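Please look over the sequence and the model below before reading on. The paragraphs that follow take its features in turn.

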Amino acid sequence: MKQIKGQVINIIIMMIIVTLAFIFLNSYVVPSNYEDQSGAHIWLSSSTIKYTNNWLKEGPMNLKFIMYEAPASIEFNDLNSRGPYISYPPGCIIPPYLIAKILGKSEIGISFIKHMLDAKYLLDCILVCLIIYSILTYCLKLTFRKTNILISIIISMFWMILPNNLYYFKNVYFSDQLVITVVLLYVLLEIFKDFFENSNNKVIKVLHFITKFLVILFGVLVDYYFLFVVFISFLIKIIPSFFKHKEKGKYISIIKKSIIYVIPVITGISLFLIQLINVQNFQDIIVERAKVRLGATANTLDIKSTLINHFVNAYSEIGILFMILVVTIVGILMIYSIVKYFKKNYDKSLSNLIKISLIIYIPPVLQIIVLKNHSAIHEFSMLKFGLPFVFGVIIIAYIIFKIYKIKLNSVLKLESEENKGNNINIIKVPGFGLVTMFLVIIIIFATNLKHRSLEFYKIRYDAPITYELENLIKENSKFEDVFISYTYEINTNPPMHLSVSNKLVYKIDEFSDINKQFPSMNENANVLFVIEKNNDIKTENIIKKEKDIIDNSDLVFQSANYYIYKFKRGF
């Protein structure tokens, strides 16, 4: 009990320090503009806003938990005409939806997403800290409490300021960002897997099973990447069973161990398939998206060069060499561990380290191999290499100690003379902690991390956009309104403008295009025309057409740069 209390105190200390570091980063180093909806890949956050607002207004059950591109409006005759987005399962919409419901919100915007991202980013930093601390304490059995805390905090801060993390976790939210949180939580559960599964307390075992089941199920519904993570941990769990048990009980043991991995995965995939059945031509859409993500429609050389460029931007050339070195060491340690296992003379701490390392390192590499075009198109795919990158310092420190046959709990004794007298003080410094912190400092300086992170953020952060017309439409429109313009349009994608306006604006060339585009328009629809006040950007022909609209319409609302007219005549 005393030991558990001590660990709880350690965790609280780490959480407080990491939280203070995060607040400093978020307040003074790279402060957020919570009202700004611009910057690289902000369309992902905007898509989240669109989909979440649809769920909030119409109910996820009514929408079959499908993410629709367009909000409900009178011009759409059915759900399929609103553009179902089925490239991903809808798991990433669940957190913002639930948080909004808990807070009593009927609609969300970019400020909500960015505040939620802050909470998620902080949670991720804490999870990284807990993962490192758990590996040092539970896997490697390092006994220096203060050193373990210090190493965990430093590596968490190291992860916090990685270029990709600093920009994307503060500004961009969708499945690729949320899955990192789920993976971190899953890795933490895997570290203590043996402890929970071998516990004599049935309540603890059941709670662990339920928690792990729900995490896997949710991860499968968030991003395909999580399937790689579960697959690797599944193999790590069942492969030893082929060699441990006698033939009679071998397959029963394998089936029992497989349940926690297989059932939630099948459940998650089945739920997604049930959703897809409600979408017209879903087979064609899925096949087409799969071809794109697998790289079947892209040039292999272009994919490779783009991936290399993403790696360099995220981790630098030196960082890539460091990662290659770490992955090579993990491979060698794995082979060494397997040989020792069959000789019945394996190191349990090494075995635990290797198992966690394989879960950390193999999935992101598998994603690059299998979903190479997806990874090349999206720079934020490099987020998945963040934990492998910072965890590398633990691997390097471990191999140094093993090469020189130094015990992990060895101390470095430093002698110092007191100012008064000739007494000598012996200062004991934990060797593993010293080497680890030294490695972190070397990598930070070698990769020029501070400058690259700030530059990475600055380059991807655009000037704020006002969304004047979009806010005007949002504040004044109704379900029955259909917006038309000769000069302006708001499409479903890119989604930034629609996520604010909640209404599409259809651009036409001729008035007759309205009937062509909406041949079965509901008779209760109101046709409203968007007219920009600045005539300098228009041709004489457009000005003439707009005058005809103005002469036959009523001005219903306006802003500094836009008029909105309601057409009097019927179709």
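Between which two helices does the loop with N448 lie? N448 sits in the loop between helix 18 (431-446) and helix 19 (449-460). The model is a predicted one, and in it N448 has a phi near 50°, a positive value in a residue that is not glycine. Most residues other than glycine have a negative phi, and most peptide bonds are trans. N448 is partly exposed, its relative accessible area being 40%.

Y467 also has a positive phi, near 55°. The loop that holds Y467 runs between helix 19 and helix 20 (468-476). With a relative accessibility of 5%, Y467 counts as buried, because buried means under 20% relative accessible area. P494 belongs to the loop between strand 5 (481-485) and helix 21 (496-501).

Helix 6 (residues 163-171) is mostly covered, with nine of its nine residues buried.

Next come the charged pairs. Side chains of opposite charge can pair when their charged atoms come close. The model has 13 salt bridges by the rule used here. In one of them, the side chains of R82 and E58 meet at 2.7 Å, N to O. R82 is in the loop between strand 1 (67-68) and strand 2 (84-85), while E58 is in helix 2 (residues 42-58), so this pair ties together parts that are 24 residues apart in sequence. R82 is buried, at 6% relative accessible area, whereas E58 is partly exposed, at 21%.

A further salt bridge joins E510 and K545, whose closest N and O atoms are 3.0 Å apart. This pair links distant parts of the chain, with E510 in the loop between strand 6 (505-507) and helix 22 (513-517) and K545 in helix 23 (residues 540-551), 35 residues apart. E510 is partly exposed at 39% relative accessibility, and K545 is buried at 16%. Salt bridges with shared partners also join K57, E107 and K474 into one network.

The side chains of E190 and K193 meet in a salt bridge as well, at 3.6 Å, N to O. Here E190 is buried, with a relative accessible area of 5%, and K193 is buried too, at 6% relative accessibility.

The largest pocket has a volume of about 960 Å³. Its lining has 31 residues, of which I236, P240, Y341, S351 and K355 lie nearest the centre. The elements that give two or more residues to this lining include helix 10 (225-238), helix 14 (300-342) and helix 15 (348-370). Helix 15 gives the most, with eight residues. By type, the lining of the largest pocket divides into 17 nonpolar, five polar and nine charged residues.

The second largest pocket holds about 700 Å³ of space. It is lined by 19 residues, and Q7, I11, F192, F195 and F196 lie nearest its centre. Among the elements giving two or more residues to this lining are helix 1 (2-29), helix 7 (175-191) and helix 9 (202-222). Helix 4 gives the most to the lining of the second largest pocket, with six residues. That lining divides into 14 nonpolar, five polar and no charged residues.

Methods. Residues are numbered from 1 along each chain as its sequence is written. This is a predicted model: local features need pLDDT of at least 70, side-chain atom pairs count only at pLDDT 80 or more; totals for chains, interfaces and linings use all residues. Side-chain values use heavy atoms; hydrogens and water are left out. Buried means under 20% relative accessible area, exposed over 50%, partly exposed in between (1.4 Å probe, protein chains only). Helices (H or I, at least four residues) and strands (E, at least two) are DSSP runs, numbered from the N terminus. A salt bridge is a side-chain nitrogen of Lys or Arg within 4 Å of a carboxyl oxygen of Asp or Glu. On a 1 Å grid over the protein atoms alone, a cavity is a set of points where a 1.4 Å probe fits but cannot get out, and a pocket is an open set with protein on both sides within 12 Å along at least five of seven lines; lining residues have an atom within 4 Å of a point. Grid points are joined across faces, edges and corners, and a volume is the space filled by probe spheres set on the points. Ala, Val, Leu, Ile, Met, Phe, Trp, Tyr, Cys and Pro count as nonpolar, Asp, Glu, Lys and Arg as charged, and the others, Gly among them, as polar.
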